[in-house]
Amino acid sequence: MPAVAKYAATIEATTIKKHVYTLASDVFEGRETGTEGNKKASDYIAEQFLSYQIPFAPGDDNYFQEVSFTTLKWTSMNLTSNDKPVEHLKDFLSIPHFFPETEEPIHISSMTFLGYGIDDPAYSDFAGKNVTGKHLLVYSGEPKDRSGKSRITGTEANSIWSTDFNLKIKAAKKAGAASIWIIEDKLRDHVMVARKYFLSGATQMVSPEEIAEEYVPHAMVSTRLGEEIAGSKRNKIIKLRNRITDKGKSICTKVPVDMDWTPVQQVQSTPGRNVLAYIEGSDPILKNEVVIVSAHYDHLGKRGKDIYYGADDNASGTAAVLEIAQALSLAKANNEGPKRSVLCLLVTGEEKGLLGSQYYTEHPVFPLSQTVADVNIDMIGRADTLHKNPNYIYVIGSDRLSTELHQINESANTQFTKLDLDYTYNRDDDPNRYYYRSDHYNFAKMGIPSIFYFSGTHDDYHRATDTPDKIMYERAETVARLAFHTTWEIANRPQRLKVDVKGRS
């Protein structure tokens with residue numbers, strides 16, 4: 001039996017089950033970042049690494065990478081327009097972690113319409129305009145020409161300006177604006193996400209002072225409120241938007257308003273930990289390159305008396321990484337370990353916005369230039385309603401930067417695991433945007449080839465009913481073995497993965 005198959009066989013459903021039942025138990029109280037339950041989970045993971053006799057990363061004296069987050073929560077949010085109250089979460093949405101600290105009402109007597117609020121080399125609403133101290137009114141999304149092609153990408157595919165509204169807030173700050181108001185026709189969708197992730201306490205990986213330096217006050221507003229704000233300038237704004245469509249050039253205009261805005265927030269420091277285990281490579285040269293195997297171990301914690309257990313999301317992925325770490329450690333102990341080093345990285349803060357993995361990529365233990373790939377596992381324990389046969393896995397990102405990574409995974413599956421590899425969520429036009437929603441993305445943004453294993457959502461997703469008894473442990477075993485085989489091949493091939501795909505990260 002080849003070494004890779006021998007060690008892959010040590011990844012077992014029974015052990016995955018043990019880990020999931022432990023992590024998704026009452027003791028860990030849903031593992032929310034910053035809570036005692038999250039700390040207990042990190043301690044449990046470290047205890048497992050220690051039992052596998054895996055050493056710390058060089059220069060460290062424990063398995064932890066300490067992370068400090070800032071958590072902000074609204075204590076009140078009031079807005080009036082023409083002396084009439086406007087309801088938060090119905091006609092507008094403000095997320096607290098994008099605000100500098102303030103206690104005084106903000107009076108707005110005029111806004112400046114500024115197209116889409118984009119400042120990009122391919123298209124800029126800010127070029128040649130002075131918006132210092134002004135309150136900006138912009139559209140969500142990005143401009144397209146009459147044929148439907150983006151003015152930024154030059155294709156029908158949207159750019160990141162359509163998916164990350166933070167960019168518009170930061171662009172407004174950089175230009176010296178006082179605030180930015182984004183007209184969003186899908187406000188209800190953003191409110192649903194905000195209720196789940198942000199409004200109970202939005203978390204950032206920066207201090208309040210850094211937040212104030214980087215962001216301006218903002219709001220996403222409904223089309224109805226947007227029309228009310230535009231008032232008599234509504235038709236002119238539409239004409240200016242049409243001009244952008246036709247000519248790709250933006251003109252601003254002043255919009256008179258009468259608004260008072262009083263956002264008041266609570267600020268507190270939130271501790272967190274990433275947990276790292278290092279298996280040094282066997283080759284004297286190649287061991288300086290690192291393959292990362294990642295998963296997030298945090299979840300949503302408690303809401304009242306309800307515990308959000310997070311068995312699938314993501315005790316299943318955490319358990320898989322623990323099993324992969326043990327298999328690699330056994331190989332290393334038998335002098336059959338991979339040539340490149342492997343870092344097993346269990347991160348916190350994923351549910352707060354991929355914060356733990358963001359922290360690692362900004363404070364890497366090993367240089368990102370020497371990081372060959374990230375193999376990320378997030379939710380592999382259930383089957384969704386789109387598949388009658390559970391013998392499948394969604395593969396996301398494998399071909400976004402490296403065709404070799406895609407081929408390695410395909411070959412490993414053909415030879416060893418024989419899953420149905422589903423690339424539905426890897427499409428550029430995937431409306432769920434799953435490629436951008438797990439920890440691999442922070443590595444991909446840095447140009448590091450990344451692959452994300454995911455079994456899809458289900459009725460218990462982000463509910464208290466995501467419990468260990470519903471996990472399909474045999475399928476989780478198979479997916480974990482596929483991730484192991486892919487990791488093994490990346491870590492042993494003579495040349496590091498080529499980054500040969502441009503423009504899709």
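A charge sits over a ring if NZ of Lys or CZ of Arg is within 6 Å of the ring centre and within 35 degrees of the ring normal. With that in mind, select Arg-475 and Tyr-392: the charged end of Arg-475 sits over the Tyr-392 ring, 4.8 Å from its centre.

A word on the model before you move on. It is predicted, so local features need pLDDT of at least 70 and side-chain atom pairs count only at pLDDT 80 or more, while totals for chains, interfaces and linings use all residues. Residues are numbered from 1 along each chain as its sequence is written, and side-chain values use heavy atoms, with hydrogens and water left out.

(Rings of Phe, Tyr and Trp, the last by its six-membered ring, pair if their centres lie within 6.5 Å; planes under 30 degrees apart are stacked, over 60 edge-to-face and the rest tilted.)

Next stop: the structure holds 21 aromatic pairs. One of them is Phe-28 with Tyr-44, edge-to-face at 6.2 Å centre to centre and 65° between the planes. Phe-28 lies in the loop between helix 2 (13-23) and helix 3 (36-51) and Tyr-44 in helix 3, so the pair ties together parts 16 residues apart in sequence. (Helices are DSSP runs of H or I, at least four residues, numbered from the N terminus.) Phe-28 is buried at 6% relative accessible area, and Tyr-44 is buried at 9%; buried means under 20% with a 1.4 Å probe, protein chains only.

Finally, select Arg-273, which lies over the face of Phe-64 at 3.7 Å from the ring centre.

How values were computed
Helix = DSSP H or I, 4+ residues; strand = E, 2+ residues; numbered from the N terminus. Buried < 20%, exposed > 50% of the residue type's maximum accessible area, 1.4 Å probe, protein only.
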